[in-house]
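I opened my notebook today to look up a few charges and the nonpolar core. Here is what I wrote down as I went.

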Amino acid sequence: MTEQMKYIVKELNATIGRNYDLIKFDALNEKQLLQLLVDLLVNFNAGEKLDVNEDESETVSLSLLEMLGSVKYRPPAGVEPTRFRAQLLAGDARTIHHVLHWLLTNKEQVKNTAYLAKYLKLPDIPPDVIRNNTIQDLLDLYQNLIDEFKEVHKRTRILQKENASEIINDIKEMAVERDIVIKRLENVQVNLVDVSDKENLLNVSRALRVHQEKAKELENQYDAQQSQLKIASDQLKRYLNVIHGQSASPQTVNDVMKRLQEEIQLNGYLVKEKLPQESTHLQRELSIMQGIATEQHTTRSDLVAVQDKIAVVNSEMEQLVQRKLAMAGPQEDKLAPFRQQATVIRRNKEASATRAHELAATLKEHEATLADLQSQVKQLLGDTVLRGEELKKYVNSLRTKSTVYKRQRANLSTFKVEAGILARTIHIISTSDPTVEMALVNHKKLKIEDEESIEKQDKPGDLAKKSLHDLSQLLAQTAQKLSQVRQEIHSLSDRIKPVKEEFQTIQQQYEQKKRVYEATSINITSQMEPLKNQVKEFTDLLNSKEDEWKNLRQKITKAETLQEVVMFEMKNSMQSPRKPSKMEALKQKVSDMEQIVKRLEQEQQAISSRQGAVEEQTRLWENTLQLLKCKMRARNEPTTRQGRMHITQHSQMLTLT
């Protein structure tokens, strides 16, 4: 407890700028502790500032509980919520210390939760106001904005974490690249010491770099134009497929004209017949709705009158139909099937028109979704999207390059292992035999001396002293060494160039694929979060529905048992040799229990009345028992004085002499 108090005092002084110690903090009363808790919550932006001494207790309690609810504080597990609220508002020291310790140990979480609670809190609106359509629309809009805020906040948190890690990795990579560039510059400066025409070489290299950049730009332009050409060709194919009725092979001119005429007929029917009928129907419904809106509220009598009118009109219609059928001739009977066929054709025509309209709307929706997906694919993978054989070739090339990269990496790891083993063996040999280390040092010195001797031999003074034969031998040796070194360097450079090129290409491809993978992983994680939340909500809903089903099942079983009892009672009441009913049995049990209770009360009264006599008799028996014990003890003790015992029929007397 003392450690907790120390931690609370230290964090309070650092957070809200107080100057407490353990004695001052322990001396705070209930109001001061509540004011301290309110100040800490206000510092975390969980609510507005309050004064516990001046404001009303109800407002203080409501505001304090609302602040704790906004930071998602939960009472301890073993404490009831009502008791916790009472202790908190009464200023109980232990309760407030627990709340302060939780707030100070979770400062970042509390700040974030308080920040989110400002924008995720729904306003309290009375139920009669919520029924208004405008208020309901505003609430829906507000809920949508809250959902958007949640998504944006999650994305910003993810991007903040990723940006921090990416910046650290970029700084490390830049530091490594800086060291590599410095080493390369030093090597280049060492190699350029003996070069005479540095400026010309630099100018030529600049011009070469400019030409290479221009060539690269031209290649990029060519690739972009090729991609645009491919997109245009795909669009042209798509338009041709649309013109030729979604078929792969183009049709004849007559087929195309026939299909276009059918579309024109369909559109003409929709414009001339279908849409005017729908508009008139909608206008009729609108007029009916306006008439209903302008009329007064209908009563029960109005409804009854309208129903009577409807019944009268229906009866008149039936009479007219019967009269028409009676007056109809045989010619009209012959035309009845044709009328039925015409009505069927008209209905089929209307159904096909509505179906075509729905299919056109779904086609537009699918085209819009396809365009969105294509734009997303372009954002993720670039303008060019490989398909078919090109994708297979690209995958095969990536596989071959990955195998080459793995092989080279394995070779590099084996070389590193061999170098480590050799260094370890040299160290072991040198520690066991120090002469080996001396031999290695001498070997290095001999190499250095040979190089120095070659340099000295190149001097003109030494060359003048030597003979022509010695000089020729020396030149032959140097030429042979130079040719050997050049051959070794040439072979190494030939080996290194393709490896460097492959490494650069593989590195570029790796970076590109890494970016694509990171983008797709971010997209997938952002899409998975709402799905996880939906699954969690559905599982909670399922659990709640299962609990409700269990409760309802228990209620049903209880009701069934009660129903069985009621049915039994009803059957029993209808029978002539009637058995005692449940109510009568229960009344009989109640009367029996009442008689038992009365008998027990009488016994209790008798015992209480006899209690004084029993206690007196018990006391007399205890005194008698004490006298007998004293007599037995006196009889068993040794007789120090002489006396005579007189025993009569009713008493005993001891006379000492």
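These entries cover the core, the salt bridges and a charged patch, in that order.

**Entry: the model.** I noted for myself that this is a predicted model.

**Entry: the core.** I looked up the largest nonpolar core and found 33 residues in it. Phe-25 and Leu-103 have the most contacts inside this core. I then listed the elements that give two or more residues to it: α1 (2-16), α3, α4, α5 (81-90), α6 (93-105) and α7 (107-120). Of these, α3 gives the most, with 7 residues.

**Entry: salt bridges.** How many salt bridges does the structure hold? I found 2.

One of them joins the side chains of Lys-107 and Glu-11, at 3.0 Å from N to O. I liked this pair, as it links distant parts of the chain: Lys-107 sits in helix α7 and Glu-11 in helix α1, 96 residues apart. Is Glu-11 buried or exposed? Its relative accessibility is 15%, so I put it down as buried, the cut-off being under 20%. Lys-107, at 25%, counts as partly exposed.

The side chains of Glu-616 and Arg-619 also meet in a salt bridge, at 2.1 Å from N to O. Both residues lie in helix α19 (residues 611-636), 3 residues apart, which is about one turn of the helix. I have Glu-616 as partly exposed at 36% relative accessible area, and Arg-619 as partly exposed at 40% relative accessibility.

**Entry: a charged patch.** I found a negative surface patch formed by Glu-54, Asp-55, Glu-56 and Glu-58. Glu-54 is placed in the loop between α3 (30-43) and α4 (57-70). With 67% relative accessibility, Glu-54 counts as exposed, because the cut-off is over 50%.

Technical notes: Residues are numbered from 1 along each chain as its sequence is written. This is a predicted model: local features need pLDDT of at least 70, side-chain atom pairs count only at pLDDT 80 or more; totals for chains, interfaces and linings use all residues. Side-chain values use heavy atoms; hydrogens and water are left out. Patches are made of residues with over 30% relative accessible area and no salt bridge: like charges are joined within 9 Å, nonpolar side chains (Val, Leu, Ile, Met, Phe, Trp, Tyr) within 5 Å. Accessible areas come from the Shrake-Rupley method with a 1.4 Å probe; for residues, only the protein chains shown count as cover. A salt bridge is a side-chain nitrogen of Lys or Arg within 4 Å of a carboxyl oxygen of Asp or Glu. Lys and Arg count as positive and Asp and Glu as negative; His and the chain ends are not counted. The place of a charge is taken as NZ of Lys, CZ of Arg, CG of Asp or CD of Glu. Helices (H or I, at least four residues) and strands (E, at least two) are DSSP runs, numbered from the N terminus. Buried means under 20% relative accessible area, exposed over 50%, partly exposed in between (1.4 Å probe, protein chains only). A nonpolar core is a set of buried Ala, Val, Leu, Ile, Met, Phe, Trp, Tyr and Cys residues joined through side-chain atoms within 4.5 Å.
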